[in-house]
Each structure stands twice: as C-alpha cells, then as structure tokens.
Amino acid sequence: MKRMDDTGKPTVDALHRRGLMFILSSPSGAGKTTIARMLLQHDPAIRMSISATTRPMRPGEVDGQDYIFVDQAEFNRMVADEQFLEWATVFGNSYGTPKAQVKAGLREGQDFLFDIDWQGTQQLYQKLETDVVRVFLLPPSIDELRRRLTGRGTDAPEVIQARMDRARAEISHWDGYDYVVVNDDIDRCFAKVSQILAAERMKRARQTGLIGFVRGLMAD
Ligand code: ADP
Ligand code: 5GP
C-alpha cells in the first residue's frame with residue numbers, strides 16, 4: 001500500500017486503521033479455498049489466519065502453513081490454556097483459531113482471512129463483533145456442487161457423499177452472515193468478494209486515524 005506521495009507527504013492511506021477479520025465460509029466444494037487463494041495472491045495487505053487441527057495432514061499440505069497440525073492431547077491443552085479465539089469439531093476432528101497472532105495484528109492494522117465453518121464464525125462474532133466481516137459463498141446449484149467436489153479429485157466417493165450430505169445443513173446457516181455471494185463464475189465471484197473487502201476497510205469505525213486527520217482539516 002502506498003503511504004507517501006511523490007513529495008514524501010503521507011497519503012490518506014497512511015491513516016491508521018484497525019485490521020478486520022474477513023471470514024469466508026461455504027459448504028464444502030462451493031469454492032472458498034479458490035477464492036481465498038485469489039485474495040491472498042492479489043492483496044498483499046491480508047494474511048491467512050492459520051488454524052490448529054487434529055486432522056491428519058493431506059498430501060501436499062505443509063505444517064505451519066496450511067494448518068498447525070497437533071494431536072488431540074496438545075489440542076486439549078491449548079483449549080485449557082485458553083489459546084483459542086474459537087474452536088469447533090468438524091467432520092470428527094478438532095479445529096481452532098489461535099488467539100495470539102490475530103489480536104496483536106488487528107491493533108496494528110493487519111487484516112486476517114479466515115476459512116472457518118459457521119460454528120467458528122458465530123464464536124468469533126460473539127467475541128469480536130465489530131472486527132468481523134462474515135461472507136458466505138453458495139454454489140449455483142446442488143448438481144454443480146457435486147460436479148465441483150468430483151472434479152476437484154481430492155476425495156474418495158464416500159467422502160464426497162458425506163460432504164454432499166452435510167451441504168444442506170451448512171447452507172441452512174446462510175442467514176448468520178453479513179454477505180452472501182453465489183459463486184457461479186469464479187472471476188465475477190472474486191470481484192464481488194474483493195469489493196466487499198474494499199468497502200469494509202473504509203468503514204468509519206475502522207479508520208482510527210480519521211479523528212486526527214479531520215481535526216487537522218478543520219484547523220487548516
Ligand atoms: P471449498 O474450499 O469450498 O471446499 P474449492 O475452492 O476447493 O472449494 O473448490 C472446489 C472445486 O471447484 C475446485 O476444483 C475448484 O477449482 C472448483 N471451482 C471453484 N469455483 C468454481 C467456479 N466458480 N466454477 C467452476 N469451478 C469452480
Ligand atoms: P478441512 O479439513 O477440509 O481443511 O476443513 C474442514 C472444515 O473445517 C472447513 O469447513 C473449514 O472451514 C473448517 N475449519 C478450518 N479451520 C477451522 C477453525 O480454526 N475453526 C473452525 N471453527 N472451523 C475451521
């Protein structure tokens with residue numbers, strides 16, 4: 001982000017802003033991983049919140065990058081030590097958002113992207129309501145959702161069936177989100193999600209440097 005103009009004067013972008021927590025949820029296969037990757041690629045100002053999980057590592061995943069992989073005893077210890085902002089059991093495994101990285105980052109103006117389910121979204125909203133932006137992606141149809149899960153080629157047929165069985169239950173949580181976007185065309189969906197992020201960054205309450213800036217304007 002450009003913080004100085006050509007004469008070295010600070011630009012409006014340099015005004016201090018509190019970071020936000022940008023949550024992307026969807027039924028499995030609707031495209032949240034794809035949209036999250038596009039956001040991270042195009043927007044250097046947002047960083048992924050890396051969850052801890054007890055689920056086994058999948059081929060190609062990197063510990064500390066995709067997840068912090070821990071066993072159940074370690075996860076339980078982290079819960080007892082109150083190290084999580086939220087945690088939940090999904091598909092029989094435990095997942096949690098570590099507190100430390102996020103809390104300090106938000107104060108410094110760092111935005112975080114979350115790929116978490118509706119249970120985690122509810123918990124984060126209850127704790128940090130004003131920092132949270134909740135976005136839910138829907139597939140254009142149930143048939144297309146099945147096609148995407150099959151086409152992704154990462155899951156056995158019985159896993160795909162389990163994900164399809166859960167899809168309706170996940171979709172039923174659509175009304176717990178601030179924004180709902182149908183992921184029909186990937187570029188259109190990405191453009192809409194980017195616009196949501198841009199607008200949320202401009203919210204008055206997040207621009208903590210505005211008071212001083214406006215005082216300066218009045219005094220000039
Ligand atoms: P999720 O993270 O929600 O489980 P993914 O991002 O892994 O979903 O997407 C599932 C599959 O669907 C992937 O193979 C992805 O490339 C594909 N996909 C995502 N969005 C679209 C889209 N708009 N049109 C067609 N295919 C898509
Ligand atoms: P996967 O095992 O496929 O990576 O993720 C399974 C589900 O767990 C997804 O719906 C994902 O959004 C959710 N998830 C991942 N990390 C967390 C987390 O820290 N908290 C919660 N509540 N859900 C998570």
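**Notes on the two ligand sites**

1. The largest pocket is the space that ligand 1 takes up. Bear in mind while reading on that this is a predicted model. Two elements each supply two or more residues to the shell around ligand 1, namely α1 (32–42) and α5 (142–152). Of the elements, α1 gives the most to that shell, with 3 residues.

2. Who lines up around ligand 1? The shell holds 15 residues, and the closest are Gly-29, Thr-33, Thr-34, Arg-152 and Asn-183. By residue type, the shell around ligand 1 splits into 3 nonpolar, 7 polar and 5 charged.

3. A backbone N or O atom of Lys-32 is 2.9 Å from an oxygen atom of ligand 1. Ala-30 also brings a backbone N or O atom to an oxygen atom of ligand 1, at 3.4 Å. A side chain takes part as well: an N or O atom in the side chain of Arg-148 lies 3.2 Å from a nitrogen atom of ligand 1. As for cover, ligand 1 taken alone exposes 570 Å², and the protein buries 77% of that.

4. On to ligand 2, which also sits in the largest pocket. Here the elements that put two or more residues into the shell are strands: β5 (84–90) and β6 (93–98).

5. Which residues come nearest to ligand 2? Out of 15 around ligand 2, they are Ser-51, Arg-55, Tyr-67, Glu-86 and Tyr-95. Sorted by type, the shell around ligand 2 has 5 nonpolar, 4 polar and 6 charged residues.

6. Tyr-95 has a polar side-chain atom 2.4 Å from an oxygen atom of ligand 2. For Arg-55, an N or O atom in the side chain is 2.5 Å from an oxygen atom of ligand 2. Both Tyr-95 and Arg-55 are also listed among the residues that come nearest to ligand 2. How much of ligand 2 does the protein cover? Ligand 2 has 520 Å² of accessible area on its own, and the protein covers 91% of it.

Notes. Residues are numbered from 1 along each chain as its sequence is written. Chains are lettered from A and ligands numbered from 1 in the order in which they are written. This is a predicted model: local features need pLDDT of at least 70, side-chain atom pairs count only at pLDDT 80 or more; totals for chains, interfaces and linings use all residues. Side-chain values use heavy atoms; hydrogens and water are left out. A residue is near a molecule or strand if one of its heavy atoms lies within 4 Å of it. A polar contact is a pair of N or O atoms within 3.5 Å; within protein, one must be able to donate a hydrogen and the other to accept it, and residues adjacent in sequence count only if both atoms are side-chain atoms. Accessible areas come from the Shrake-Rupley method with a 1.4 Å probe; for residues, only the protein chains shown count as cover. On a 1 Å grid over the protein atoms alone, a cavity is a set of points where a 1.4 Å probe fits but cannot get out, and a pocket is an open set with protein on both sides within 12 Å along at least five of seven lines; lining residues have an atom within 4 Å of a point. A molecule sits in a cavity or pocket if more than half of its atoms lie within 2 Å of its grid points. Helices (H or I, at least four residues) and strands (E, at least two) are DSSP runs, numbered from the N terminus. Ala, Val, Leu, Ile, Met, Phe, Trp, Tyr, Cys and Pro count as nonpolar, Asp, Glu, Lys and Arg as charged, and the others, Gly among them, as polar.
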